[in-house]
Each structure stands twice: as C-alpha cells, then as structure tokens.
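Colleague: I'm new to this one and would like to learn how to read it. Could you walk me through it, feature by feature?

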Amino acid sequence: MSPTMDLISLFNLNTFIELLLGISLSAAAGFRVFVPLLALSVASVFGHLDLPTNFDWLETPQAVIVFAVACLLEITGYYIPWLDHLLDIVATPAAFIAGTIVTASVAPEMNPLVQWTLALIAGGGTAGLTKGLMNTLRISSTGVSGGLTNPIVSTIELVIAIALSGLALALPVVAGISVIGFVIIAIQRIWSFFNKPSSQTHETVSPPRELG
C-alpha cells in the first residue's frame with residue numbers, strides 16, 4: 001500500500017479512535033514513562049488489544065514483568081529528594097520514545113513511513129509536551145517549597161498516569177479529547193514559562209534628586 005493510500009485510510013472512525021488511544025497513552029507517558037507501557041502490555045496479554053505483528057514482544061508475560069519492575073523503580077525514584085530532578089532529565093527523552101512506541105503499536109497496519117511519522121508527531125509530541133509541562137511545575141514547586149511539596153506533585157503525576165492509561169483503554173474517545181484540551185493548555189503554559197516578561201526592563205529610572 002502506498003503512503004498516499006495510507007494517508008487516505010487515516011480518515012475513518014476506527015483509525016481516529018486508535019489515534020486517540022495512542023495520544024492518550026502518550027500523554028500518560030509524560031506523567032510516568034512506564035505506566036502506559038505496562039498497561040498496554042497487560043491489555044494485549046489478556047486479549048483486550050490486538051497489536052501489530054512487529055509489536056508481538058509487548059504481548060508477552062516477560063514484557064509485563066519488565067515493565068512492572070521498571071514502573072516500581074520509577075515510582076520509588078520520584079519520592080527520593082533531588083533524585084526526582086535527575087529522573088526528569090532521563091525521563092524527558094524516554095517519555096518521547098515511549099509515546100512514539102505506544103502510538104505506533106496501536107496504529108493500524110500501514111506503510112512504516114506513515115506509521116512512524118504519525119507516531120513521532122502525535123505520540124512523541126504529546127508525551128514531550130506533557131513531560132515539559134510537568135518539568136516546569138516541578139521546578140516551580142522546588143523553588144517555592146525547597147522541594148518539600150515535590151512528593152505531592154509526584155503522587156498527582158502517578159494518579160493521573162494510572163487513571164489516564166485506564167481511561168484510554170476503556171474510553172479512548174473521552175481520554176483523547178481530554179488530552180487534546182490538556183495539550184493546548186500545556187503549550188500555553190510552557191510558552192508562558194519561557195517567555196515571562198521582565199518587569200525590571202520596563203521600569204524607568206528617575207533622575208536623582210539634588211540635595212539642598
């Protein structure tokens with residue numbers, strides 16, 4: 001099948017739902033990298049999802065065990081002071097990769113060029129934006145509380161990752177629409193974070209008063 005035919009095949013209901021499933025799991029990867037991978041692996045092992053043949057490695061008990069251990073290590077690491085910031089550095093590119101993988105794995109059979117391009121843009125982009133927003137929130141949390149509120153942020157991230165992964169598998173349309181709204185907010189927040197106007201640059205310096 002040619003790339004042109006693959007692009008035409010994207011405009012149908014089933015493919016649209018699969019795309020919403022992919023970006024929903026990708027957004028979850030922005031909160032916790034391995035949670036959506038574990039959810040995807042468990043769902044495929046129990047027959048809830050039928051993944052493409054090149055993703056059969058996800059449909060194995062061994063993959064479930066590996067992702068479960070990785071989830072446990074990731075969750076624990078985010079509750080260790082200052083290690084959470086180091087994990088953010090590693091987790092940012094990892095979230096992009098995980099988002100790309102989960103979107104490609106739930107995409108319909110199509111030309112690999114179209115499949116992976118779509119996965120990179122929709123899946124990797126969504127995961128990257130989500131992770132970027134959470135990084136800015138963690139930096140702000142550390143600056144305000146000295147890191148004391150970071151465990152609370154970590155707990156919220158974990159709950160959202162689990163809830164979003166479950167919602168994506170159960171109601172992908174609802175999850176996908178919610179994620180699209182979240183992505184719009186994430187873009188606005190990240191843009192505002194890196195483009196804060198400096199009030200000092202606009203202050204006018206009044207001439208010194210003469211004594212006497």
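Colleague: Which residue forms a salt bridge with K131?

Modeller: Side chains of opposite charge can pair when their charged atoms come close. The cut-off is a side-chain nitrogen of Lys or Arg within 4 Å of a carboxyl oxygen of Asp or Glu. Here K131 pairs with D88, with 2.8 Å between the closest N and O atoms. K131 sits in helix α6 (residues 112–145) and D88 in helix α5 (residues 83–106), so the pair ties together parts 43 residues apart in sequence. Do keep in mind that this is a predicted model, where local features need pLDDT of at least 70, side-chain atom pairs count only at pLDDT 80 or more, and totals for chains, interfaces and linings use all residues. Residues are numbered from 1 along each chain as its sequence is written, and side-chain values use heavy atoms, leaving out hydrogens and water.

Colleague: Are K131 and D88 buried or exposed?

Modeller: Buried means under 20% relative accessible area, exposed over 50%, and partly exposed in between (1.4 Å probe, protein chains only). Both K131 and D88 are buried, D88 with a relative accessible area of 6%.

Colleague: Which other residue forms a salt bridge with D88?

Modeller: R138 does, its closest N and O atoms with D88 being 2.9 Å apart. R138 is in helix α6 and D88 in helix α5, 50 residues apart. At 0% relative accessibility, R138 counts as buried. Salt bridges that share partners join R32, D84, D88, K131, R138 and E157 into one network.

Colleague: How many salt bridges are there by this rule?

Modeller: Five. One of them joins the side chains of E157 and R32, 2.8 Å from N to O. E157 is in helix α7 (residues 150–170) and R32 in the loop between α2 (13–31) and α3, 125 residues apart. E157 is buried at 1% relative accessible area, and R32 is buried at 1% too.

Colleague: What does the secondary structure of the protein chain come to?

Modeller: Helices (H or I, at least four residues) and strands (E, at least two) are DSSP runs, numbered from the N terminus. This chain has eight helices and zero strands.
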